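Keep the structure open beside you as you read.

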Amino acid sequence: MSIVFLGTPAFAVPSLERLARDGHQIAAVVTQPDRPAGRKRQPRSSPVKIAAQGLGLPVPQPANLRDTDFIANMRRLSPQVMVVAAYGEILRQSVLDIPARGVLNIHPSLLPRWRGASPIPAAILAGDERTGISIMLMDAGMDSGPLLAQTDVPIADEDTTLSLTDTLAREGADLIARTLPRWLSAELAPKPQDEELATYCPLLRKGDGAIDWALPAVDIWRRVRAYNPWPGAFTLLDGELLYIWRAWPLDDRLATTSGTVTELPNELRARLPDGSRGEAAFTVQTAGGLLVPLEVQRSGRRALSAVEFTRGMRRIIGRRLESPAAV
């Protein structure tokens, strides 16, 4: 009984490794073609390709899943089931029809909430208190197939897309390991999703990270977390990009103009999380409350705590950070 695994980013690696460790016969691991990366734009293998090669598994990399040679090769393998984790391309019916027991998808949200390309950032942006993993039997729609299993995960105030992706990757590996044997032995009945509860999230764009200081501090704080590690939440200081990687919101007002940098009084510092007080050095006025940056990075330089940053930018108090979309 063989499996074909499809995945590309680091999120998919724990699931691949867990299925291999559990003794499943993996006939092939399909991943995206190598892409140019880094300053020299050299081709770089995906995390899934690197993991699959380490396991000694064959790794086909079709230009797209409509490739006739790829489809013919998959049919020759005759897998019992396919398992997909963030492959990066919609599967057409010609692929969905190949495995006898269908295609299972490991999706990082509590479907039908947050169907689409960016469910983890979407959950943080919306202020959701919980998210999770859904194992779904794929159909030709956008994450609309019936559910086989779900597990939920709390979203902490400190969570970013990066940290939450790591957590959900581990949860996804555990859930597919428990679900797949039960599906193959016909112990599970697929449960249709409630279409009335469906929400959707688009693919992120670079421009999404531009900070609008006319928003409330809580909304900007969620964007800082949701866009870490990509595209990053950024503003302009003297016309240059300044990324804010970590921050904390406070329900106070110290300046009349949104985007104005002010000193951080000790009474407000005391309201920051214990582990963050030593990193904070200033605050920024928003349309509703204050945003206290904790980790920032000027374009082309390394990330610094706000305290380290102000040592090289002593005259930042009173300056105004600009919203890139308005400049």
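Accessible areas here come from the Shrake-Rupley method with a 1.4 Å probe, and for residues only the protein chains shown count as cover. By that method, the chain exposes about 15,500 Å², and carbon and sulfur atoms supply 50% of this area.

Before going further, note that this is a predicted model, in which local features need pLDDT of at least 70, side-chain atom pairs count only at pLDDT 80 or more, and totals for chains, interfaces and linings use all residues. Residues are numbered from 1 along each chain as its sequence is written, and side-chain values use heavy atoms, with hydrogens and water left out.

Now step back and look at the whole chain. The C-alpha trace spans about 65 × 45 × 35 Å along its principal axes. The chain has 9 helices and 16 strands; these are DSSP runs numbered from the N terminus, with helices being H or I of at least four residues and strands being E of at least two. Of the 327 residues, 51% are buried. Buried means under 20% relative accessible area, exposed means over 50%, and partly exposed lies in between (1.4 Å probe, protein chains only). Contacts are heavy atoms within 4.5 Å, and among those between residues at least 6 apart in sequence, 66% join residues at least 24 apart.

Let's zoom in on helix α1, residues 13–21. Its buried residues are Val-13, Ser-15, Leu-16 and Leu-19. They sit on the same side of α1 because they cover an arc of only 165 degrees around the axis, the arc being that of the directions from the helix axis to the C-beta atoms. What covers these buried residues includes β1 (2–7), β2 (25–30) and α6 (161–184). After α1 comes Gly-23, with a positive phi near 90 degrees.

Next, find helix α3, residues 68–77. Which of its residues are buried? They are Phe-70, Ile-71 and Met-74. Seen down the axis of α3, these fall within an arc of 95 degrees, so they line one face of the helix. That face packs against β1, β2, β5 and α4 (93–96). On the other side of α3, Thr-68, Asp-69, Arg-75 and Arg-76 are exposed.

Asp-67 caps the N-terminal end, with a side-chain oxygen 3.1 Å from the backbone nitrogen of Asp-69. Just after α3, Ser-78 takes a positive phi of about 50 degrees.

Conventions
Polar contact = N/O pair within 3.5 Å; in protein donor to acceptor, adjacent residues only side chain to side chain.
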